[in-house]
Amino acid sequence: MKNLILIVMTIIVLTACGDNTTSKMTEQLVKYKEQMVACDTLKTCTTASFEYATYIGHPDTAKVLAKCEKNNKCYEAMMDITTYLFTDHLAKLMAVK
């Protein structure tokens, strides 16, 4: 019986840790989008874009990114920033000096 309780507790802890990584990624995605929305010069807009690309392209992020697809809030943040990049941010980069 003690082993069963231990197994259940371990699963709960591991699940909570998995949610923590996706919640951190969600926060990062929101932060990067806010930086891109707030940028007002070509330098700050380009810097924000490169920081986001570096974060997403990092090998350590790949595992969390796969989990992000299964987490509603994280997936929504991921799609929000992707949509912003391909619509408003490209136009903004072309307009700022």
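In this predicted model, the axes of helix α2 (residues 42-57) and helix α4 (residues 72-95) come within 12 Å and cross at roughly 155°. Axes here are lines fitted to C-alpha atoms, for helices over the stretch in contact, with angles running from 0 to 180 degrees between N-to-C directions. On the α2 side, the contact (heavy atoms within 4.5 Å) is made by L42, C45, T46, S49 and Y52. On the α4 side, I81, T82, L85, H89, K92 and L93 take part. Sorted by class, this contact has 6 nonpolar, 4 polar and 1 charged residues. In that sorting, Ala, Val, Leu, Ile, Met, Phe, Trp, Tyr, Cys and Pro are nonpolar, Asp, Glu, Lys and Arg are charged, and the others, Gly among them, are polar.

Now for the whole fold. The protein has 4 helices and 0 strands, so from the N terminus on the elements simply run α-α-α-α. Helices (H or I, at least four residues) and strands (E, at least two) are DSSP runs, numbered from the N terminus. Of the 97 residues, 27% count as buried, that is, under 20% relative accessible area with a 1.4 Å probe and protein chains only (exposed is over 50%, partly exposed in between). Among contacts with a separation of 6 or more, 74% link residues 24 or more positions apart.

What about the inside? The largest nonpolar core has 15 residues, a core being a set of buried Ala, Val, Leu, Ile, Met, Phe, Trp, Tyr and Cys residues joined through side-chain atoms within 4.5 Å. M25, L29, Y32, M36, Y52, C68 and I81 have the most contacts inside this core. Two or more core residues come from each of α1 (2-38), α2, α3 (59-68) and α4, and α4 gives the largest share, 6 residues.

Leaving out residues up to four places away in sequence, M36 touches A48, S49, Y52, I81, Y84, L85, H89 and K92. T22 is found in helix α1 and counts as buried because its relative accessibility is 4%.

Residues are numbered from 1 along each chain as its sequence is written, and side-chain values use heavy atoms, with hydrogens and water left out. Local features need pLDDT of at least 70 and side-chain atom pairs count only at pLDDT 80 or more, while totals for chains, interfaces and linings use all residues.
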